[in-house]
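Shall we go through a few together?

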Amino acid sequence: MKASLPITRIGLTWLLVAQVLVILPHLPYLPLWIIAMWLGCAAWRIQIFRMRAEYPGRLVRIGLILAAGLGVFFSRGTLVGLEAAVVLLVAVFILKLVELRSQRDALVLILLGFFTQVTAYLFNDGMLAALYSLLPVCALLAALVGLQQSRFAERPLVPLKAAGGLLLQAIPLMLLLFLFFPRLGPLWSLPLPSDKGVTGLSDVMSPADIAELSRSGDLAFRASFEGPVPPLNQLYWRALTLERFDGRRWSQTLGAQQGPAAIWRRQGEPLRYSIVMQPSARPWLFGLDVAETSAEGVRARADFGLERRRPVERPLLYQVTSWPAALREPEGDPATLRRALQLPPQGDPRSRAWAEELKQRHAEPQQLVEALLAHFNREPFVYTLKPPPLGTDNVDAFLFDTRRGFCAHYAGAMTFVLRAAGIPARVVAGYQGGELNPSGNYVLVHQFDAHAWVEYWLPGRGWVSVDPTFQVSPSRIERGLEEALAGEQSFLEGSPLSPLRFRQLAWLNQLRLGWDNLNYGWQRWVLGYQGELQLQLVRGWFGSIDGRALGIGLVAAGAVLLALLALVLFAPWRRERDRQLRQFQVFERLLARHGVQRRKGEGARTFAERASRELPRQAAQISAFLAAFEASRYADRPAADPAKPLRALRKALPWRLRGVRG
Amino acid sequence: MLEAQVARWLARRIPPASQVRLDQRRIFILPTRAGLAFGLALVPMLLVAINYQNSLAYALTFLLLSVFLVAILHTFRNLAGLTLKAAGGAPVFLGEQAHFHFILESAGREHQAIAVGWPPLPLQVLDVPARGVCPVELHLPTEHRGWLRPGRLRVESRYPLGLLVAWSWIDLDQALLVYPHPLAGDLPLTPGQGEDEEDDGQHVLGVGADDYQGLRAYQPGDSRRRLHWKAYSRGQGLFVKEFAALAGRDLWLDLERVDGGLEQRLGMLCHWVLQFSSRGQPFGLRLGGQVLAPDVGEAHREACLRALALYGHAR
């Protein structure tokens, strides 16, 4: 690409098309003024091409760039961070349009376009977005081709065809690289698309938080089991424990986060499954009790939770093995148990008194727990997402006055009473149940499946999980939130248009689940194709293989693919269909290498005779070939195959030219 | 030194021929600056992919890298299979543009945006249709009289992406004669100074332009200027007006008799060769030891111009 060459009309056309296609998916993340600037720049550019306008001068250009910088600063509040950087990138991408003079500028614009497309993937990497992105990539390549074309304004589809062909032919190589190029960890940390609006569990539980979650139909994660999917009412997806109570809210403690991993004993049959988490902007992972994972950078916490070194900012795939029957901390850790007995010094006197009373009546902790559950079951407790306000001593108010609430209220109140009765207990926060997708045989867990339950500790038995909500509203556990709230209309209050609201329409629901299945596959096999999955796959195919061998294999396989493509493109076998003519061509080339060129208009016989004179030592082989060639071609005697004398001639001719024609 | 070595190597690898088919032995291929920029641009894309662990960013980076690799084949293929043939060129006068004619011929597919030329002159870009030919005319400024041998012809293709350039240097063994630049000027004519020192008697000697002798039947090779159109229009057939040059008055152009530098003198002789030829006047040419006897006609004119062009040169 010569720097000074002007831009072809087709090249410019495709460049404009490509720019529209590249910027389109960015629109939701761009301030409005950028779009106005873009339209202005495109109109200006076209006027320049039609010779109706001038290129901007140096001052104008500097002014435009400063204005764009200021615009980004004022609309984003900063010039750093990913959002601002992408807006700036798009602004430069647009401004470059007006100073587009030569092919070099066009190349810069095209490369900026590719880079802008890469940043678009950071905001949306779904299947549809990926499919769509083939359009701008194809258009950018078409612009590159258009710039090279010699003909102006003719056949605008030729560059598109060429670009499409190149893309298609590049795909096998791309797949090879994608599958086997080693994935590295991040080299340095970069700002991510901000997690504003990510819903999910937080490390502090006030009842209002969980009620908030129950209004969201967003996906939390999906889980595929290796065997059959366990019944939904047994799926208690643990995320974290809330051990500290300040009288109003339950929260995490440092001890649970930072202490050494809890000790537990394997028992029973393990469950194996994999989870693809949606970004949560939180470090914890989900799993059924007690979960083990080999995922990189993940450790087991003191409260059986799994915690990642960095928050989950991207969809994350990990493999889990759970031991539902495991004995959890049968010996008990004094520090943990101390934390599990903590209560605020004052408040909720009625509950404390009731706990004392229960303790008197039931000497065995297990009996006490059962009595408590029976109480929830027997008394007129109501499961609702719209509980009345509770005031200061909220446990008291809930247990004895209102008796209306949801999981957070029940779990919180039960833990409070157990602690007051001297039984170590804590609130577990996570998700419960999920939606089975029959087409993919996996479980979809939504935000509204967020749940809180209780676990208490018994000497020798360790931690035991119990769900007070089940006593109040069994349908919440067995059939999910929607059923439990059938009369209340509070389900998915925050998402009036969520397709989840229309689950009763069978075809629509099937469509939704099928689509989700596709997306899930995309996330697992494409987006989740990172370090561990790649290693698994590579090992599965080639056994243990070291990096060097992999690199060599990669290059070799790439070369083979290119060679195959070259064969298809050049089709050497198609050059001459006629076998005899092909043999004659070999003959000609053989002699030409030794200095005997067939002259124009020289027939086979004359040429061979001249060659015999010039190469007297090989005369016998030459005339043998001629005889065989003439016999097979003109006398139509296929038995006279010229291949043999040809081989004889090749052997008779010395390898090197020198010393032959003395 | 290096250039000479490259030239020798090229001469061995792609020997001069009036017709050259481009194949893998003759085509070289390298990334262009645009290709290097493209490669460099992939680095930040890969960094984004690594740092954000974004599979799609990886995929696009790999896709573009693969496109680059595939483009090697396409760029190469766009040039391979093309045949270049020399198609001659007419002699020119010094100072004029020399026109060389070539034919680009495609054996099979279409070849797009093929650039041909002699750098540093700009290359001419053209398309060769599938199984077709594309004539090219290339211009070269003339700087010296004598044989003009353009250097090796550069044929290159950056199509489709401009990221790679495939090229070849081809010697089509073409040469073209450059005549001296005609310079108008007074010629010290030397009438009556024939070799045979004869007296002032006048007699007819061959054909000339001085005296009208009558008509004779047209023969191929006769100048059209002297066709007798009136007779032709009367339907009497083609006749040529014959003139006679007068002996003793035949004209000699002699390099020795002209003043000035060598090129200037050759230019003046050239001018008069053209003048006399256009008038159909016989003249002789004396260039040092080389003597062309007085004559008229195209062939004589060509011979004189050729002698002038090559005066002092090897051939």
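Below are some questions and answers on this predicted model, each setting a value beside the rule behind a label.

Q: Why is A:Cys41 called buried?
A: Buried means under 20% relative accessible area. A:Cys41 has 5% relative accessibility, so it counts as buried.

Q: What makes B:Cys134 buried or exposed?
A: The value for B:Cys134 is 11% relative accessibility, and the limit for buried is under 20%, so this cysteine counts as buried.

Q: How many disulfides are there over all chains, and what is the rule?
A: A pair of cysteine sulfur atoms has to lie within 2.5 Å to be called a disulfide. By that rule the count over all chains is 0.

Q: Why does A:Met51 count as exposed?
A: Exposed means over 50% relative accessible area. A:Met51 reaches 74%, and therefore counts as exposed. This methionine sits in the chain A loop between α2 (32–49) and α3 (58–76).

Q: Which bond joins B:Pro119 and B:Pro120, and where is B:Pro120?
A: Most peptide bonds are trans. The one joining B:Pro119 and B:Pro120 is cis, with omega about 5°. B:Pro120 belongs to the loop between β6 (111–117) and β7 (124–128) of chain B. Another cis peptide bond, also with omega about 5°, joins B:Tyr159 and B:Pro160. In this case the loop that holds B:Pro160 runs between β10 (153–157) and β11 (164–170) of chain B.

Q: Where does α7(A) bend?
A: The bend is at A:Ile171 and comes to about 40°. A proline, A:Pro172, follows within four residues.

Q: What does UniProt call residues 159–181 of chain A, and how much of the span is helix?
A: The UniProt annotation, from an unreviewed entry, is "transmembrane region", and it covers 159–181 among other spans of chain A. In the model, residues 159–181 are 96% helix and 0% strand, with end C-alpha atoms 30 Å apart. Residues 129–147 of chain A, also in that annotation, are 100% helix, and their end C-alpha atoms lie 27 Å apart.

Q: Which residues of chain B does UniProt list as "transmembrane region"?
A: The unreviewed entry lists 27–50 and 56–76 of chain B. Residues 27–50 are 75% helix and 17% strand, whereas residues 56–76 are 100% helix and 0% strand.

Q: What makes up chain B, and how much of it counts as buried?
A: Chain B has 6 helices and 17 strands. Of its 315 residues, 47% count as buried.

Key
Residues are numbered from 1 along each chain as its sequence is written. Chains are lettered from A and ligands numbered from 1 in the order in which they are written. This is a predicted model: local features need pLDDT of at least 70, side-chain atom pairs count only at pLDDT 80 or more; totals for chains, interfaces and linings use all residues. Side-chain values use heavy atoms; hydrogens and water are left out. Buried means under 20% relative accessible area, exposed over 50%, partly exposed in between (1.4 Å probe, protein chains only). UniProt positions are given in the numbering used here, feature names are shortened, and annotations may be inferred rather than shown by experiment. Helices (H or I, at least four residues) and strands (E, at least two) are DSSP runs, numbered from the N terminus. The bend at a residue is the angle between axes fitted to the seven residues ending there and the seven starting there.
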